[in-house]
Amino acid sequence: DNQDADAVWFGAFFEGVGCIKNGEFIVKFTPENSPMKKNYVCCAPRLRIDSQGNLWVLNFNYNEPTYNQLFCLPANKKFDPTVTIEDWTCYNVGSLQMAYSSEMCLVEEGGSVKYVLFADNIFKTKLVVIDVNNTPFDTSDDRQKIISNYVDQDGKSIDIGYIHRMEVDRDNRIWLGTNVGVSTINNVASVFTGELVFNHIKVPRNDGTNLADYLLDGIFVSAIAFDGSNRKWLGTTTSGVYLVSADGSEILKHFSKDNSDISDDLITGIACSTDDNKVFIGTKKGTFVYESDAMPSKSDYSNVYAYPNPVRPDYCGYI
């Protein structure tokens with residue numbers, strides 16, 4: 001939680017949304033105190049907390065698709081034990097159904113949420129874009145668009161079955177990990193003025209032919225994370241982990257069970273530390289940590305000590 005570093009939120013398959021702090025439940029949201037519904041399960045497949053601390057929740061209920069399934073709770077209510085259903089803002093997505101694997105991301109402008117995107121992932125996924133107009137608790141000025149056909153920058157159709165991961169990088173580009181590779185949305189606002197373009201990232205072959213290949217073409221991308229240099233760490237279900245450049249046009253490293261300590265090429269999750277250079281890689285056989293050559297910048301460099309100082313002309317090594 002960006003308002004309390006010791007508080008960890010999670011969405012459960014059966015039990016709704018919970019928050020744990022110092023090993024104890026401090027709050028729990030269920031159908032009794034939230035708009036989530038329960039039909040055997042009360043499943044929250046994806047949570048997001050925006051820069052203002054507001055909590056966004058998707059709720060899966062396959063057998064009852066006619067109620068709101070996207071909710072937002074104000075930051076000042078998250079830890080309030082007296083929260084009621086009326087404290088939440090509900091977004092009407094019509095008859096659209098959610099799956100237990102539905103995905104969501106938030107795009108912010110000017111310090112508040114401008115767009116909410118989510119993939120329903122029912123059978124063949126639909127992508128929903130909601131313009132909340134920087135007013136997340138006033139739905140009267142919202143716009144909404146549903147996309148079921150995906151067209152790349154060359155006008156070619158991309159046959160996306162599932163959008164498994166959606167993450168927004170430092171340049172406000174939306175990265176989509178799908179069952180057929182990875183794409184980006186560079187200008188989400190275009191969905192309301194024309195056709196939304198899904199940038200099919202190309203990696204030049206650099207063999208003198210001026211040809212390129214699509215990044216991870218046909219590979220199921222299961223995890224996406226960004227390190228301190230805005231490079232992308234991409235996890236797959238069949239071939240381990242790829243580290244690519246900030247724009248995805250260059251594959252920098254590839255880790256698999258054959259060339260690294262990772263014991264399984266099916267990657268379940270990746271997270272880059274916000275404090276140092278560690279990259280956490282989750283697999284079904286355990287979590288592995290890689291120390292990369294990039295780490296987040298600091299807001300204050302007043303206590304930096306540089307060594308060697310001065311740097312002599314004949315010196316070769318790290319500063």
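Predicted model: local features only at pLDDT ≥ 70, side-chain atom pairs only at ≥ 80, totals over all residues.
Colleague: Is R46 buried or exposed?

Modeller: Buried means under 20% relative accessible area, exposed over 50%, and partly exposed in between (1.4 Å probe, protein chains only). R46 counts as buried because its relative accessibility is 17%.

Colleague: Where is R46 found?

Modeller: Strands (E, at least two residues) and helices (H or I, at least four) are DSSP runs, numbered from the N terminus. R46 lies in the loop between β3 (24-29) and β4 (47-49).

Colleague: With which side chain does the side chain of R46 make a polar contact?

Modeller: A polar contact is a pair of N or O atoms within 3.5 Å; within protein, one must be able to donate a hydrogen and the other to accept it, and residues adjacent in sequence count only if both atoms are side-chain atoms. The R46 side chain makes one with the side chain of E103, at 2.9 Å.

Colleague: What is the order of the strands in the open sheet?

Modeller: Two strands pair if DSSP finds at least two bridges between them. Here the order is β4-β5-β6-β7, with antiparallel pairing. The edge strands, β4 and β7 (89-91), each pair on one side only. Strand β6 (residues 70-73) pairs with β7 over 3 bridges, and F71 stands opposite C90 in β7.

Notes. Residues numbered from 1 in each chain as written. Heavy atoms only, no water.
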